[in-house]
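Trainee: Hi! Could you walk me through this one?
Mentor: Happy to, here it comes.

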Amino acid sequence: MNADTLPLLELVQIGKRFDDPTGRDAAPAVIDQLSLAVAAGEFVTIVGPSGSGKSTLLNMIAQVDRPTSGSVKLRGQTILEAGTEQLRPGWQCQIGYVTQEDNLLPWRRLEENILLPLKAQGRLDAAHRARAAELIEAAGLKGFERYYPHELSGGMRKRASLVRTLAYDPPMILMDEPFGALDAQTRVQLHGDLLRLWSLKRKTILFVTHDIAEAIALGDRVLVLSRAPARVIAEHPVQLPRPREVDRLVTLPGFAGLFDRIREQLR
Ligand SMILES: Nc1ncnc2c1ncn2[C@@H]1O[C@H](COP(=O)(O)OP(=O)(O)O)[C@@H](O)[C@H]1O
Ligand SMILES: [Mg+2]
């Protein structure tokens, strides 16, 4: 297979077991033989119960933790496996990670926060600056470039952290319940913002959540995880048309049925 037909990201039989701190028992597995593949440009959502190992899974893909078994491949190349000695977080700027916290530096202005990772990598050229400005505008943050994080709303800070990751331009982006802490109305707004930002330049996204509606609203495909030890127990293509008006999706035929099927599987 050539690079174009390979999945961008592939997990092959990933297993994870944390060491038992008392050292007495073998700790139970958190993730069990989990395999999945994400094609370039695809938006895949993973829905699973709280505590099912979603954050643990993304931590391994982002290389802030290592699996007990199995491997992670990027464009067919194994970038992490059980025996990997040295973790490389974000693997050569190829993998971006948006976590539940916005992780903005309080003493840096919004624009500085967004440009900081590019600067740290020595990649802050005119093209990246222009792209950052375009994303800032698309995210409705134009005019706020010189504000400090504490002067912005929670939704604005979250948008800034999305823009920071998109401006950094990794081909693969991981998102861990990034809107979990926000109120329902702000969340729906941010779903729309995220889809709009994503469509500006088709990134490949793996987004985990415990919220079924969120998983359907955003994804091309929803993967359903079992309770720990996590495995993929079902997969649903989402046929809803794009661009999506997220606040109206629940009224579309197909939404309620898919929601119910996934809810049954999560029982
Ligand atoms: N560093 C760790 N050490 C030991 N156990 C952990 C660690 N991180 C997560 N766990 C355990 O792994 C399980 C899955 O956690 P997590 O991946 O955070 O779930 P989710 O993100 O789906 O809510 C939980 O039982 C949690 O207690
Ligand atoms: Mg989590």
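Mentor: Helices (H or I, at least four residues) and strands (E, at least two) are DSSP runs, numbered from the N terminus. This is a predicted model, where local features need pLDDT of at least 70, side-chain atom pairs count only at pLDDT 80 or more, and totals for chains, interfaces and linings use all residues. Residues are numbered from 1 along each chain as its sequence is written, while chains are lettered from A and ligands numbered from 1 in the order in which they are written.

Trainee: How many helices and strands are in the protein?
Mentor: The protein has 7 helices and 10 strands.

Trainee: What about H5, which residues of H5 are buried?
Mentor: Arg 187, Leu 190, Asp 193, Leu 194, Leu 197 and Trp 198. Buried means that 20 or more other C-beta atoms, placed from the backbone, lie within 10 Å of the residue's own.

Trainee: Why are they on the same side of H5?
Mentor: Because they cover an arc of only 130° around the axis, going by the directions from the helix axis to the C-beta atoms. An α-helix has 3.6 residues a turn, so residues three or four places apart point the same way.

Trainee: New topic: what surrounds ligand 1?
Mentor: Its shell includes Phe 18, Val 30, Lys 54 and Ala 228, counting a residue if its C-beta atom, placed from the backbone, lies within 6 Å.

Trainee: Which helix gives the largest share of that shell?
Mentor: Helix H1 (residues 54–61), with 3 residues.

Trainee: And how much of the protein is buried?
Mentor: Of its 267 residues, 34% count as buried.

Note on methods
A residue is buried if 20 or more other C-beta atoms lie within 10 Å of its own, exposed if 12 or fewer, and partly exposed in between; C-beta atoms are placed from the backbone.
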